[in-house]
Each structure stands twice: as C-alpha cells, then as structure tokens.
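Visitor: I am new to this structure and would like a close look at one part of it. Could you start with a place on the surface and then lead me inward from there?

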Amino acid sequence: MNALAARAADLAQRLAEAEATIEALLSGQVDAVADARSLTPLLLSKAQEALRQSEERYRRIVETTREGVWMIDAAHQTTFMNRRMAEMLRCEPIGPPGSSPFDYLDEAESRKLAAYLQRTDGGQIDIRYTRTDGTSVWTLVEAAPIFDGDGRYEGSLAMVVDITERKQAEIALRYERDRAESYLDTAEVIMLAIDLNGHITMINRYGRAVLGRTSDELVGRDWFGTCVPARLQESLKLRFRAFVLGGGATGKDVIVENLIVTKSGEERLVEWRNSILRDDTGAVIGVITSGTDTTERAQVVAKLVTAEERMRFVLESAEVGIWDMDYTTGVLSWSATLERQYGLPPGTFDGTFKSFAALIHPDDREAALAEVTSATETGTDFSLHHRVVWPDGTVRSLDSVGHVHLDQDGKPLRGVGISLDVTDRRLLEKRYQMANKMDAIGQLASGVAHDFNNLLTVILGFTEFVTEDPKISDRNRRDLGETIKAARRASVLTRQLLAFSRQQVLETVPLDLNKLITDMTGMLRRLIGEHIEVALALAPRLPLTLSDRGQLEQVVMNLLVNARDAMPAGGTVTIRTTHVDLDDSTRDDVPSIGGHYVLLAVNDNGIGMSAETQRRLFEPFYTTKEVGHGTGLGLATAYGIVKQSKGYIFADSQLGQGTTFRVYLPCADDAASIAEVEASATRPAVTVSETVLLVEDEAGVREFTRRSLERDGYRVLVAENGNEADRLFAERAAEIDLILTDIVMPGCGGPELAARLRLRRRDLRVLYMSGYTEQSSANVIVLSGGPPVLQKPFTAADLRRRVRDVLDRAPQP
Amino acid sequence: VTKPLADEGEARLRLRLYVAGSAPNSLRAIANARAMCQQHFSCHDLEVIDLMAQPERAAGDRIIVTPTLVKLSPAPEQRLIGDLSDADQLLAALGVGRE
C-alpha cells in the first residue's frame, strides 16, 4: 500500500511537473527541451537568438525606411515588398500573388529594367513605374542579385527611391535650359563668353555665323588673336583686362563698340554689352557679353546724319523754323530761324512754353493754345495760323504744323514741328483777291457804262437838236442847257469809271496835258476830298504830248490818290507841268533819256516813304496801305502806262517830308500838234455830199446819229446790224464813202464787218463808235495809227468833227 | 519582510538550476534564483548546470526543458520550470512561506 501510495504521489508530482512544463512552454519561459542524448531542435542557440533579433531589427528598418524594398525571385516574381514600396505603387503590401515589377512598367521601361538586372556591375537606374491608376512614379532603383550557395541566381533585392519631384524639377530645368540654349542659338545677337585669358569658352550660332567660323575654330581659341583686327588687338586686350580686374564695378566698358574681323577678313562693327562672369564663390572667371552687329546701323546712322544735315540746310535756307518740345522736361527748343520768326536774336529764347505763349498775338493766343492743348491730348497732327508780336511791336503771321507723340498711357512725350513766316504771302493773297474783286467790279462797271453811254448819247443829241430850234423860248433853251450840262457831267463820270476799270479803248493822240488836267480838276477834287487842297502850277505854251487821254487821266488820278493817302490829316497836293530838255546824264539808273519832254510833277507834303518802300514802289501788288484800301496796282499801272507812252516816272521822297512823283512824257512832233484842236462849236455850211453807211444796233443812238449826219449834209444809209450792212454794201458799194459802225454789236461786230467790207473796197474809210471795248482788247491794244474811235457819249459837234476828220484824211492802208 | 529560516544547520537549502547557455529565459532564471537566495537565505547552495555544455546531466534529474530549478533539500524535492520571475510562487515552491 505504501509503495502504491508512494507511486501515486510520484505520478501526481510528475503530472504537476508536466503541467508546469507545458505552462512554461506556453508562456514562453522555456529555452530548450532536453532529452537524454542532446538538446532537442527546440533549443535556440545564442547565435540563433542574435539572428532572430537581427532579423527583427532589419524588419523594423525595412518597414520604416523611406526607401522601397522589393525582392524578386529568379522568375522576377515578387517575394517581398515593404510598406513604402507598396505606398509608392499604391498597391497591397504583399502585392497580388505572382505579381512582378514588370507589371508596373511600360515597354520602354521594361527593356531598361531587364537590361539592368542582367548587369553585374551594380549601379543605379532611373525607372518610371506606372501605377494601376495610370499615374507615374519616377524612381531611382539600385538592385543587387542574390545567389544561392552554389552560385545560382535566386533573385534580386532592389532598393527603390521615389524621385518623382526631383525628376519633375529636372525636366523643368532641362526644358528651361533647352529653351535658353535655343534662344542663344536663334537670337540675332552674338553671345560670347571668354575666360580670364581671353579664350573663348562659349559662342552661339549667330556669333559663329557673323565670324564665318565653326565652333572648333573658335572655342578654346584666343578671342583677340582670332577675331579682332590685328591693329586693335593690344589696346582691346588692355581694356579687357582692366574691365576684368575692376570686376566691372566702375560701369566703364559695360557697353563698348569695336571692330571684329571675320574669317574672310571683313571687318564689322559690333556693339557689346559686357557682364562679369563669376563662379559659385564669387571669384571672377571671365566675361560674358552680347554683341549686336551695328555695321549696317552705323552706315544708316551716317546716312541719317547726312540726310539730317541736308534737311536742316534746306529748312534753314527756306526760312523754315523748327521747334521741339520735350514734355518730360518741359523744355521747348527753337531753331535760330524760329527765333527770328518771333523777332528774337538767335539763342535768346528761354525754352519755356510760357514765353512762347506770351509772344502770340493776344487776339490769336486763346485759339492757338487750345489747338496745341488738344493735340497734346489726342496725339494728332495740328496746324496753327496765328500772328506774333515781336518785342519791337512788329506783327507777323506764322503758319506752323506739328505732331505730338504720346506714351502708352496717353501722356505727351515729345512734340516736333516747323513754322513758316507767311506774312508776305498772306498780304499777297489778300491783294490778289482784291485785284480779282477790282476786275469783277471793272467788268460790271464797264457793262453799265456801255448802256449808259448809249443813253447819254441819245439824251445829249436830241436835246441839242431841240436847242437849235429857233422857235423855243429863251427860258426853255436855258433849261435844256442845264440838261445838257448834267448829261455831260454824267458822261465824265462814266468815262472815269471806264478808266478806273481799265476797259477803255486806247488811242494815242497828241494832247494838251494842261487841258487834260484842268478838265479833270473837278473830278479830282471830289476824288481826294475837301481836307486836301489841290494847287495847279501849269506852264503856259506847253508842247503837246503824244499819249492816250484815258491812260494819262488814269496816271494823274493814281498819283493824286497816292498823294491823298499819304496825307491822312490833310495837306496840299501840287500839280505842276513844265517843258524840259533832258540830257543823257540826268539819271544814272536809266540808260537813255535824252530829248524833249513834258514834265508832270505831283507833289504832296505827306508822310513820305522809306527807302524800302521807294525801292518797291512800282512793284505790282506792293502796298503800304491797309488791306482793303489799295490794290497795290495804282502806281504799277501808272508806271506801265508811262513806259508804254515812251516816258519815264520817278519818285523822290523822304520820311516826314512828303513825296514828289515826276512823269516825263515825250513831246509830240509839230505835225501832229494840230490834231488837238478844239472843234468849232458852230456848224459849218453844208457843203458835203458824201454817203455814210451807219451801223448801230441801239435805235436811239442810230436815230440821233442819222439825223445829225443828215443835218450836216451827208447821205446816210442805215443798218441795224452787220448782216444788213453787208447786204446794203453789196447793193451800193460804189457810193459809200465811210462806214460809221458801233464796235460791239450782236452777231457781227464792227471790226469784223469793217475787215470784210474792206476786202471789197480797200480805200473804204472806217470810224468806230464805242461805249467800251471787248475784254480781249482792253488795256493791250493801242489803236494808234489804226481806225479812229468815237467815244460815246458824243455830241453832234463831236460827230461832225470826227467824221470830217476821217473823210479828209488820206485813205487808210 | 520574510522570516529567516530558524535552524541554519538542519535546514540548509540546496538548489540545482538547469539552463541552456545564455538563452534569455535561462539567464533570467539564473538572475532571479540568485537574487532570491541572497535575499531570503543566509545559508544556501545553488548549483547552475548548463545543459549546452553538459547535456548528459539532463538525464540525472529527468530534466525535459530549461530552465528548470530543482530543490534538493530540505525535502521534499520540488521542481520549478520557467524564468522564476514569479517570486511568490518561487518561495512557495521552496517551502518558505511568508509569516
């Protein structure tokens, strides 16, 4: 029993021990299990424990590392992948069974990786993995092959670093660099870098093209020795060294221009912009520079300079002023010519807009400044027409044009323009307009005068007829005398009107100057006004002068008007006539003047004339009078008439002392002198029997003329126009002694009719009647020696005398 | 606070610890056993047997796993398996109770 109990106790203890052993095993407090022979396989050695701990450490490292770890077997199937790698690929940590890195590579990357895995020399490779979602991750892979104990390839272990960000930065950088390089190569500038020794380290394509050399011929070579003309090499090298030594700090030689020489030996001018080139530590390693080929530009600049000089010369010679306004500084520049135009000595304009404005005529200032202001706001061209007042009070007219340049914000930058003094031109234009107006008035006046003269002829003629009737009372005769006087005054006015309008027929006849002046006196006194006294000093027994009455009257009238205008406050004008003999030495300025002359002198005690005015006195359109007060033609016409009459006209004047005009008219020869004889007022006995063909379209004139001629004993054939006259002449040519015809008629005019009839009768005598003449013959035809003209209105006595005169004269050729 | 063993002569404590080299449980068992003996027993005898070096000795005390502590005396013989980190269990096994 005891033995049994002891055995049971022993078994219980062993069971307890076994339970404790199992418990210890379960709780991990057992290191090893032993049996009688050795420690069992469960036993863990110290080395194995170290290995286990080491594995633990590595696993932790592998799982926490920033690098992806990827292990593959010999068939490139994944055997292990750490968490980081899975994150990179955005897949499950273990990856799908049988997956492979090649599942994440496109074709090109697969080839790269396969080639890399076969390499045995290690190294790294860039691999771009494509995730299942299509995105990419750039990695840097370093793989190591794993071999088993027999040296067979078991697989590879790869460390994978995500370099996507770096790669993108790199791509961006490369893009920038490529672009910069392409800029360098496509830029139309020379890009050149040279080191401290002057050797070329870089030159772009354009630079090579300019030099005509290849990269091999340039890079590494001495810039100065290769590309600079020999004569400049030393000096340019010195400048280069100074620039480099100074570190470019002085700012000197930053922009330089010098010659380079191409491979073919051609020299070209280049403008360089230099910069110092430094390494990372800031040490100077060379110079980088950009060069612009300015050869053509320099040539163009030279041409421009020449063109500008030429332009300036032209503008200055043409008296064109130039101005230039810099709105950024407010300085206004004027050329010397422009200063002259504003009455300033050269170089005295102070360059301010204010001074310019002050010189503008006050009446024009506002408008001119408004025009300028508007142009500065809109940037448009503008033109100004304004007067300026010189410091000495002279007023001149200027025309100027200009243009204002605006910047991008619409602010004025610069204005330029030119200016012309148009004072003389303006006056000329106004006078020309005036002259045109005078012509128009003249034509109108002459048209009126023509009708007027016809009417006056009829009034005078028939009134005279009535006065000759012995049956009328003395009182009626006196009344009729007044009528005749009035009609004669009207006739004088009409005649003056025609002279004024220069529409009268010109006819030089010997005439008595004294009589002409006295005949005009009444009219002249009215013309010049009551504030001026007219004194006559006429020489007795004055020889006759050969002249046209109308013209000479105009000369006298023009000189009188001139005298009047010289004496605005009144005074005395003296008309003097005398007979003079001139010898050749009297005037220096006239070549030949000797001979017998009648002198007409008109003297005033007015304001006188300046030397300048005297010099230009007889120029057409030259006047000192206010616009609207003179045509500038009066004295010019007088001059023309006197010259036409083979005479001379001179003016002597001093400022403030009055003026004397002297007109020398040639004397008529004695034979002609008898022509100017006042006809007898009494009617001679009727002793004539000639036949007159009268052609006149105006019925009143025709009737008066017919009756007058018939009373004088002539036989009269009457025609209303040229055709009727033609017909009458054809019937009775043989008995007609004289054609008395109006000059201006509808259809066939007087001269044309006369010419036609004289083809049939060469000895036919002709006497014209005229109220005025055609425009074409005005002022230019002098009928001296040609067919005589009977000016309308005429009296019976005038008619009698002129008809007799023509009939008694030798037949005209 | 434990009561020392009363009779030093008759109650001499004899312990034998079987370990496996420097395996962690073995090292911890050695450390725990030594600490317990110095703290509670003025007179004791602790023999440490490394079965890595003397595997044949495992048979003597029928040792199956390491670490195993065997109390040879005072009787009865007791065995404790594990790293001896439980001090109460260790003292109970050695027949030394707390007062």
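Guide: A patch is built from residues with over 30% relative accessible area and no salt bridge, where nonpolar side chains (Val, Leu, Ile, Met, Phe, Trp, Tyr) are joined within 5 Å and like charges within 9 Å. Accessible areas come from the Shrake-Rupley method with a 1.4 Å probe, and for residues only the protein chains shown count as cover. A salt bridge puts a side-chain nitrogen of Lys or Arg within 4 Å of a carboxyl oxygen of Asp or Glu.

What you see is a predicted model, in which local features need pLDDT of at least 70 and side-chain atom pairs need 80 or more, while totals for chains, interfaces and linings use all residues. Residues are numbered from 1 along each chain as its sequence is written, chains are lettered from A and ligands numbered from 1 in the order in which they are written, and side-chain values use heavy atoms, leaving out hydrogens and water.

A:Leu444, A:Val448 and A:Phe452 make a nonpolar patch of about 290 Å². You will find A:Phe452 in helix α13 (residues 423-467) of chain A; helices (H or I, at least four residues) and strands (E, at least two) are DSSP runs numbered from the N terminus. With 38% relative accessibility, A:Phe452 counts as partly exposed, where buried means under 20%, exposed over 50% and partly exposed in between (1.4 Å probe, protein chains only).

Over all chains the count comes to 54 salt bridges. Side chains of opposite charge can pair when their charged atoms come close. Some pairs sit within one helix. In α20 (residues 699-711) of chain A, A:Glu703 and A:Arg706 are 3 residues apart and therefore separated by about one helical turn. Their side chains meet at 2.6 Å, N to O. A:Glu703 is partly exposed at 30%, and A:Arg706 is partly exposed at 23%. In α23 (residues 796-808) of chain A, A:Asp808 and A:Arg804 are 4 residues apart, again about one helical turn, with closest N and O atoms at 2.8 Å. An α-helix has 3.6 residues a turn, so residues three or four places apart point the same way. Here A:Asp808 counts as exposed at 54%, while A:Arg804 is partly exposed at 24%. Elsewhere, salt bridges that share partners join A:Glu266, A:Arg268, A:Asp293 and A:Glu296 into one network.

In α22 (residues 750-760) of chain A, the buried residues are A:Gly750, A:Leu753, A:Ala754, A:Leu757 and A:Arg758. Seen down the axis, they fall within an arc of 125 degrees, so they line one face of α22(A); the arc is that of the directions from the helix axis to the C-beta atoms. Their cover includes β24 (691-695), α21 (722-732), β26 (738-742) and β27 (765-770) of chain A.

Further in, we can look at a nonpolar core, a set of buried Ala, Val, Leu, Ile, Met, Phe, Trp, Tyr and Cys residues joined through side-chain atoms within 4.5 Å. The largest one has 37 residues, and A:Val573 and A:Phe661 touch the most other members. Among the elements of chain A that give two or more residues to this core are α16 (549-566), β20 (571-582) and β23 (658-666). Beyond its neighbours within four places in sequence, A:Phe661 has contacts (heavy atoms within 4.5 Å) with residues including A:Leu559, A:Leu600, A:Met609, A:Phe618 and A:Ile649. A second, separate core of 23 residues includes A:Leu192, A:Ile203, A:Leu211 and A:Phe224.

Finally, step back to see where these places belong. Chain A holds 23 helices and 28 strands, and 41% of its 813 residues count as buried. Chain A exposes about 44500 Å², with carbon and sulfur atoms supplying 55% of that area.
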